Amino acid sequence: MSILKRAVVIVLDGVGAGANSDSATYGDEGASSLEHCAQAIGGLELPNLGRIGLGNITPIQGTPPQEKALGAFGRLNETAAGKDSVAGHWELMGAVLQRPLPTYPQGFPAELVAAFEEASGHKVIGNKVASGTEIIKELGEEHVRTGRPILYTSADSVFQIAAHQEVIPLEELYRICQVGRDMLTGENAVGRVIARPFIGTSGNFKRTEHRRDFALEPVGTTLLDLLKESGRDVIGIGKIEDLFAGRGLTARDHTETNQEGMAATLRWLERDFYGLLFVNLVEFDMLWGHRRDSQGYAQALRDVDAWFDKVQQVLRPEDAIFFAADHGVDPTYHGTDHTRECVPLLAYGKPIRAGVDLGTRSSMADLGQTLAENFGVDPLAAGTSFAREIGLI
């Protein structure tokens, strides 16, 4: 019988904690999301996360290390090929991507675009690498005039389709994206097809919160699969269902914003369940990191810190919460891409041994392996459990 009955995993999407073992290989040497964000704004106070050890993981001006941290703390090194949300989330749950997913720095091949246009019934415009906010500034007016969706990509393995909600309704945009997901297989099996709806008028276009990701199914078995097969509850909040293509979940709560995701987490913690509550908080990445907005990034961290105070009040004696991330997106770095970094690891709750320094773990899959051992399911293919170190066995 496991000591820990309910595990809450919070993914702070895009919150990195400094150099990964291969950061230089990805051109990201020196990136450090938390450290540089705090420096850029003259200090970042995160008292609640600080008390459990956040400042012990990486230097954070305004959030100093604690001599007697109330949680366990460390960093997780990413080993998966790539630095996007799909690879990061899969690795956290024990499925490590061995080969990078395809990217398209010159745009998608003409024959692929033609096949997509025929299958979807929509001619497209764009087809290039672009920032999501910039592409709708550039092509939004043409899209509204012609009705043609905007196709674009980024440094990640993504096939993104932007459309004005009054020109192409959400359900039609989602259908178009599903068409893309179904046809993008084999050598063109991109990690995600992403619906990017927007609203407004020329010069004032604005992306909405109705983004939807259509991801590949994970390669290999994940912790979600094993827990579901064993009869445990596996609840996904935010874009978890998108990133795992709905696989391994027993319940889904598809929130669109950090505030919605945090509120949903509190609601689920008031319910009875036995297993995993898996939460993605996307705005560090989606709203602030890519735009290199340190102030917005910092405020999102403060919001999580204040919310964590409420979480502590509703955690039960057999609960524990784990904070991690899927990659970095240093808001002070050059360009607009994700940054290849280690991610923070915090564990807190009555079953967790306080003050344990877990160091820099060799893989993000160590978190999934730890929870697999706690819940008594089969070992995952990757990762080394730290359950014993934090008192779970």
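Trainee: Where is His 338 found?

Mentor: His 338 is in the loop between strand E12 (319-324) and strand E13 (343-348). Keep in mind that we are looking at a predicted model.

Trainee: Why is His 338 called buried?

Mentor: Buried means under 20% relative accessible area. His 338 has a relative accessible area of 2%, so the residue is buried.

Trainee: What makes the pairing of the His 338 side chain with Lys 83 a polar contact?

Mentor: The pair of N or O atoms has to be within 3.5 Å. The His 338 side chain reaches the backbone oxygen of Lys 83 at 2.9 Å, so the pair meets that distance cut-off. Leaving out residues up to four places away in sequence, His 338 also touches others, including Asp 28, Asp 156, Asp 285 and His 290.

Trainee: What makes Asp 285 buried?

Mentor: The value to set against the 20% cut-off is 5% relative accessibility, so Asp 285 counts as buried. Asp 285 is found in helix H11 (residues 283-289). Beyond four places in sequence, Asp 285 touches residues among which are Asp 13, His 290 and His 338.

Trainee: Asp 13 comes up there; what does UniProt place at Asp 13?

Mentor: The unreviewed entry places a "binding site" feature at Asp 13, Asp 326 and His 327.

Trainee: How buried are Asp 13 and Asp 326?

Mentor: Asp 13 has a relative accessible area of 0%, and Asp 326 is at 0% relative accessibility. Buried means under 20%, so Asp 13 is buried, and so is Asp 326. Asp 13 is in the loop between strand E1 (6-12) and helix H1 (33-40), while Asp 326 is in the loop between E12 and E13.

Trainee: Which side chain forms a polar contact with that of Asp 13, and which backbone nitrogen does the side chain of Asp 326 reach?

Mentor: The side chains of Asp 13 and Ser 85 are joined by a polar contact of 3.5 Å. The side chain of Asp 326 reaches the backbone nitrogen of Gly 14 at 3.0 Å.

Trainee: Now the whole chain. Why does its radius of gyration agree with a compact globule?

Mentor: For 393 residues, a compact globule would have a radius of gyration near 21 Å, and the protein chain has 20 Å, so the two agree. The chain has 13 helices and 14 strands, and 61% of its residues count as buried.

Trainee: What share of the contacts with a separation of 6 or more comes from residues 24 or more positions apart?

Mentor: Such residues account for 69% of those contacts in the protein chain.

How values were computed. Residues numbered from 1 in each chain as written. Predicted model: local features only at pLDDT ≥ 70, side-chain atom pairs only at ≥ 80, totals over all residues. Heavy atoms only, no water. Helix = DSSP H or I, 4+ residues; strand = E, 2+ residues; numbered from the N terminus. Buried < 20%, exposed > 50% of the residue type's maximum accessible area, 1.4 Å probe, protein only. Contact = heavy atoms within 4.5 Å. Polar contact = N/O pair within 3.5 Å; in protein donor to acceptor, adjacent residues only side chain to side chain. Rg over C-alpha atoms; globule rule 2.2 N^0.38 Å. UniProt positions renumbered as here; feature names shortened; annotations may be inferred.
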